[in-house]
Amino acid sequence: MAACTVLVTPLLYVNKQSSLFYYKACNIHRQCVTKKISTSVSRCSSQADPQKKSRPHELVGVVGLEIHAQIQSNTKLFSGSKVGFSAPPNSLVSFFDASLPGTLPVLNRRCVEAAVMTALALNCTINKKSFFDRKHYFYADLPAGYQITQQRRAVAVDGQLAYSLLGGRKRNQIQSRTVRIKQIQLEQDSGKSLHDDQRSQTLIDLNRAGVGLMELVMEPDMSCGEQAAAAVRELQLVLQALGTCQGNMSEGQLRVDANVSVHRPGEELGVRTEVKNINSARFLSRAIDYEIQRQIEALGRGEAVLNETRTYDSKSGHTIPMRDKEGLQDYRFMPEPNLPPLVVYEDRGSVPAGLLGAEGVVVLEGLREGLPELPSVKRARLVRSYGLLPEHSFTLVNEDGLMEYFEAVVKETRKEPRKLIGWVTNELLGHLKHHNLSVSKCPVSPSALAELLELQEAGHISSTVAKQVLGEMWRDPGRRAPEVVREQDLGLVCDSSDLQRVCQRVLDSHPDLVRALQEGNKKVLNRLMGLVQKETKGRADPVLVRSLLEEKTS
């Protein structure tokens, strides 16, 4: 691998006024805040009513995405420096990362394999030979003055990502869509600039410089923010299933640029704007929808849409101009002279004898065989194996670890999966959301929940009591369901004589409800049952209560 790591603990400052570099000791601690990604609640008009077609004279949105996914690897793309989000500034920087003279890149095979695995999962064509190039531009956090990327021929091309949305009036209809993947290319990340406006300085942290990226370019096959957010969320799940990218957008592991334009169907595409570095699926949806509406209103006023780069301000909900793109930027692409062509072999038999077993050899056959179960396959299996509704399969797969939790509970209880799903997606997930916990931090284990549900399935407790017991187990994870039921005397009341007295007392207290029931209003029976359950604190046998009430009011 490349030369040893240089430990440069202070941040590097760039003085905005004099453009001189100098070091200044500082002590900065970062606090990582991980946020759950949720797709926007905004809706595309075409999804709300699939039968409704856009009128020919109406402007519609056109959206394409460029996604930079940070490769999950221990070391960087071309050096032996470790990869870490919360490390002290400039502590993970090798001589090559800092672009010191005489240093050379050494390609990380793990990064290549990650890109190839991602391409296989997205049905891409793998280029058996691809090339690295230098893309020249100046940023203070790009020490070499160029980025090593793939401009002439990327590692993979011509793929597709299938994704789905919940549409319809009740948001319970699955709408399947596909977006084409133009290419997947390998490239190195830049460092990070932190601007200090009060001192007119920019702080430079090179820890991220040289980290391996996969750039996925999506064709303009989407029409609104909701579609784009759904596609990004699906890609995130695919990458996490493969283990090629952790996909944490709040830590910059997945960054999205959206290319947005509007046009009339059947006409040429309009002038596009680029909204840069969006770090949440929710913000992505909002930024795209705002930008589409902004362009439609501008054209309606007779104004021109500029070919420019914009950023999204989450506080105002608006996109803001950063710089224009009218002038074609000359990146002065040139072949990277220090890296040979990247060769990927179909199988072990196609590897030249002298290279078989070599460190840098990447073979498609083994990677293809090692592909895990992808999200779309998981959803189909859940629907097929357990008889779940499609929307339930989406909830289980989209929430990290929830599908595994559900299947673990299924194995330990006799309760039907279609009855169990409500407990997992409503009760359990509701508790998790309320306490801002991930499934992995859930204080109630699958076996503990299964034990609770077995008590209900066997008729020992009611569903109301089961929810109460779950709350007790959540507050005190060491307690088991039978223990809580026994200590608080929550067992089901099945004694006919006791329930007869309670039912009669309820009926005597509510003559108006009895009269309505006798006049044919059957819904009143459920209300009377609820009053009985209230009297017994949810412990009454509902079947016996219904029978007694019907008998006494007939």
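Which residues in H13 meet which residues in H16? The structure examined here is a predicted model, in which local features need pLDDT of at least 70 and side-chain atom pairs count only at pLDDT 80 or more, while totals for chains, interfaces and linings use all residues. Residues are numbered from 1 along each chain as its sequence is written, and side-chain values use heavy atoms, with hydrogens and water left out.

From H13, Ser496, Leu499, Gln500, Cys503, Gln504 and Leu507 meet Leu544, Val545, Leu548, Leu549, Lys552 and Thr553 of H16 (contact means heavy atoms within 4.5 Å). Helices (H or I, at least four residues) and strands (E, at least two) are DSSP runs, numbered from the N terminus. The axes of H13 (residues 496–509) and H16 (residues 542–553) lie 10 Å apart at an angle of about 55°, and the two helices are therefore oblique to each other (under 35 degrees counts as roughly parallel, over 145 as roughly antiparallel, 65 to 115 as roughly perpendicular and the rest as oblique).

Turning to the strands, S8 (residues 133–136) pairs with S9 (residues 146–149) in the antiparallel sense over four bridges (pairing requires at least two bridges found by DSSP). Two bridges also join S8 to S19 (residues 334–335), again antiparallel. Aspartate 133 stands opposite threonine 149 in S9, and its bridge partner in S19 is proline 335.

Note on methods: Axes are lines fitted to C-alpha atoms, for helices over the stretch in contact, and angles run from 0 to 180 degrees between N-to-C directions.
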